[in-house]
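The following exercises concern a structure of two chains and are each followed by a worked solution. Please keep the sequence and the coordinates at hand while working through them.

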Amino acid sequence: MTDAPIPALRLIGVTKSFPGVKALSEVTLSVARGEIRALVGENGAGKSTLMKILSGAYVADAGRIELFGEEVAHPTPAGMIARGVAVIYQELAQAPHLTVAENIFLGRLPRAGLRVDWSAAKAKARDVMGRLGFDIDPADHIQDLSVAKRQMVEIAKAMVRDAKIIVLDEPSAVLAQAEIDELFGIVKQLARENGVAFVYISHRLGEVFALCDTVTVLRDGKTVHNGRASDLDAQALIRHMVGREMGDIYPRRAPKIGEIVLETKSLSDHALLREASIVLRKGEIVGLFGLAGAGRTELLRALFGAAARSQGEVRLFEAPALVKSPREGIAHGLGLLPEDRKTQGLFLIQSVGFNIVSASLGRIAAHGFISARRERETVTTQIERLRVKTPSADAAVQDLSGGNQQKCVFARLVAADCRILLADEPTRGVDVGAKREIYDLLVALASTRDLAVLMASSDLPEVLGLCDRLYVMREGRIVKELDARRTNEEEVMSYAALH
Amino acid sequence: MRLSIEGAPAIKVSLPRGAGLWIALVVLIAVSSFVSPHFLNPTNLLNVLRQVALYGILGVGMTFVILTRGIDLSVGSVVAFSGVLGAIMMEAGWSIPATVVLSLAAGTMMGAVNGLGVAYWRVPAFIMTLGTMVMIRGFGLMLADGGTVNPGKAAERFFWLGGGYLLAVPTPIYVFALVCIVAYAVLSHTSFGRAIFAVGSNDEAARLSGIDVPVTTFAVYVICGFLAALSGLIFLSRLSVGDPNSGLGLELEAITIAVIGGTSLFGGEGGVAGTIGGATILAIIANVLNLAGVSPFSQQVVKGAIIILAVLLETGRRRRV
């Protein structure tokens, strides 16, 4: 890549904002022909936004994208593909019931007159597979292939489209080690022999050193490091990823910690969760940290009864509890603040009041008839207590800001007399000011109302700044329990990310 | 509606929710009285009201279902079936109260089957009720042996329900009023009603709020089946024969009424008041087209266009979300 003066891909000062959030700020990055560049950063650092800009799905507010020295004036998904940029997402965008050949040529099947020339399609697909050394039959259906093979199909598709730049989004997250090795072989071969430029997005730091030539680190939407992989070690990389000032947005607190209210032994579910054992005490805020797919959400949902357990015991308030549904969870004093406020938390088209009382209909009704007075009292009390900023209790919750929407979900749990709060990413998608308010709220709930809080988060500073203790999860297991005051980001990250 | 000017905050031009429906109704009444001098004739108006009642009862049942983001295509078949069943029972000499109770029970059961399929077996509502629509139509034909059932004299004693008058007002209007009052109370003042709106606006959030989503979903289909059977009895009473081929297309009529009334096909929005308005608008349109001598074929074209228009307006309002 030394004598290629013009990089295959260059981003200069790329900036992208969403309402209330600056997702990318002056990001700079360049990849030469045949180079494999790692793109790393914590959750929310801006990797996926950047990826969507590269695919043409988003248009940057400012900055330039250059491909082989030429500026892309009006990037569109079709335009970026035509210019040789292929983005391979973690959730593969394939048609599972079609064949490999059909997927490879999707939208550009070879034709003979008006007919699709199937034999040509199959022959071409076989030819590409042969050149790449993939052992995949073009007549196979995508749904019958392993995830690793499906990724290879995507790579083959990119090659058919003559891709010169391939962006891979955490491809290894879903692969076994042998498959990862195979994938690395393919990536290296395409880079060295065909001169394809790669952007390789990953959480796993080991891979960065095993595969990549160069590294770009994003943090809070900014490029904080651009350099050769060989000039760094894992610790240095982690420091770049997390190295920010903590600031003082986390409220100080002197927790009054009481008796154990929740205890699990070897809790597993049918999917990801494996033998999780935790304890939670009254008045305590405990963090659950892990990277995407570590099993945090699964643990909270299994506790709440939103997902079925496969084995293990749960004790609530010192009695064994079989929580089989959210309804039972609420009856046991549990409350779940779900991960995705809009799809799981809120009744968006309904009013603030509707949202607040929805988990306590039994409390505001007698013989099934809702008492308007009790409903009004509950709603007013919660709006005041949680300082929900809304024009009125009748305003549609979708018109509120993200932070206030989140408070409505909190208010619902408090109204339902929740004593163990299971909060899944409570500050996701809210701005910094609202984050602070939510932290204050969590602390107030824990100290003045004696709630126990179990908070899953992928925001490391938040976990360290707010929690008393934390559990680190990886691949469905609790891998470490740490005292939040006696650890640091590097240590936590080393448990969460390193193998 | 929202007009956006570059750089300036969006300006909202909006009427209170549902206002459009009542404005449309007033305009329609005004236009109708111009189109036909007979429109405002009291006898004609009572006729219109009777139509409102006949179809409105189905519309109310459909409103419950659509509020949960469901659909029930089987109501027309249930209407026919309960009519045939009622006619056969009366022909066989059963008392009128027993006939009414058993026909209603049969319709309710059919609603329960729909509810079972949608809520517990997770069959998409459209498919489940499409299947039962065909099946129930078949049961009705089997029961009537393909023909119509004429209960003879017994039908005369039953005529008051659909064709009779009480204080110079057609009886079905009282039935409809009662249905509306109960439905309104349930939807607006009970925790079950609240659960219906919750399930329709976001079933996952409802589940996580501890609402029993399957029971709620099941119940709305039961209600819809019950009201379809009730409507079937009223039709039977008016026509004096049980016809297994009656009620064709009534499901679409009911859906149209609910949707014109502002009940959102996306669930969680709407209510009985709108449904009354929707039924009234449809009945007036049919009535005035009849008075003006428009052929029934052209009437269908108009009705279809109205459905699309109502949904278009609804989507336009939603788009700002």
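**Exercise 1. Locate A:Ala306 in chain A and decide whether A:Ala306 is buried or exposed.**

Step 1. A:Ala306 sits in the loop that joins α9 (296-304) to β16 (309-316) of chain A. Helices (H or I, at least four residues) and strands (E, at least two) are DSSP runs, numbered from the N terminus.

Step 2. A:Ala306 has 22 C-beta neighbours inside 10 Å and therefore counts as buried. A residue is buried if 20 or more other C-beta atoms lie within 10 Å of its own, exposed if 12 or fewer, and partly exposed in between, with C-beta atoms placed from the backbone.

Step 3. Neighbours within four places in sequence being set aside, the contacts of A:Ala306 are A:Arg301, A:Pro326, A:Leu336 and B:Leu208. Two residues are in contact if their C-beta atoms, placed from the backbone, lie within 7 Å.

Step 4. A:Arg373 is 67 residues from A:Ala306 in sequence, and their C-alpha atoms are 31 Å apart in space.

A note on conventions: this is a predicted model, in which local features need pLDDT of at least 70 and side-chain atom pairs count only at pLDDT 80 or more, while totals for chains, interfaces and linings use all residues. Residues are numbered from 1 along each chain as its sequence is written, and chains are lettered from A and ligands numbered from 1 in the order in which they are written.

**Exercise 2. Describe the side of chain A that touches chain B.**

Step 1. The contacts between the chains involve 24 residues of chain A and 20 residues of chain B.

Step 2. On the chain A side, two or more residues each come from α10 (326-331), α11 (341-345), α13 (361-364) and β20 (369-370) of chain A.

Step 3. By type, the residues on this side of chain A are 14 nonpolar, 8 polar and 2 charged. Here Ala, Val, Leu, Ile, Met, Phe, Trp, Tyr, Cys and Pro count as nonpolar, Asp, Glu, Lys and Arg as charged, and the others, Gly among them, as polar.

Step 4. For the complex, the predictor gives an ipTM of 0.85 and a pTM of 0.75.

**Exercise 3. State which residues have the most contacts inside the largest nonpolar core, and where this core lies.**

Step 1. The largest nonpolar core contains 239 residues, and A:Leu422 and A:Val453 have the most contacts inside it. Such a core is a set of buried Ala, Val, Leu, Ile, Met, Phe, Trp, Tyr and Cys residues joined through C-beta atoms within 7 Å.

Step 2. Helix α10 (residues 213-239) of chain B supplies the largest share of this core, 17 residues.

Step 3. Because domain 1 (9-242) and domain 2 (260-497) of chain A both contribute residues, the core lies between them. The domain bounds come from an automatic or database domain assignment.

Step 4. The centres of domain 1 and domain 2 of chain A, taken over C-alpha atoms, are 35 Å apart.

Step 5. Apart from neighbours within four places in sequence, A:Val453 contacts A:Ile285, A:Val286, A:Leu421, A:Ala423, A:Leu442, A:Leu445 and A:Ala446.

**Exercise 4. Characterise the surroundings of A:Val463.**

Step 1. Helix α17 (residues 460-466) of chain A contains A:Val463.

Step 2. A:Val463 is buried, since 26 other C-beta atoms lie within 10 Å.

Step 3. Beyond neighbours within four places in sequence, A:Val463 is in contact with A:Gly287, A:Phe289, A:Ser457 and A:Leu470.

Step 4. A:Ile285 lies 178 residues from A:Val463 in sequence, yet the two are 9.5 Å apart in space, C-alpha to C-alpha.
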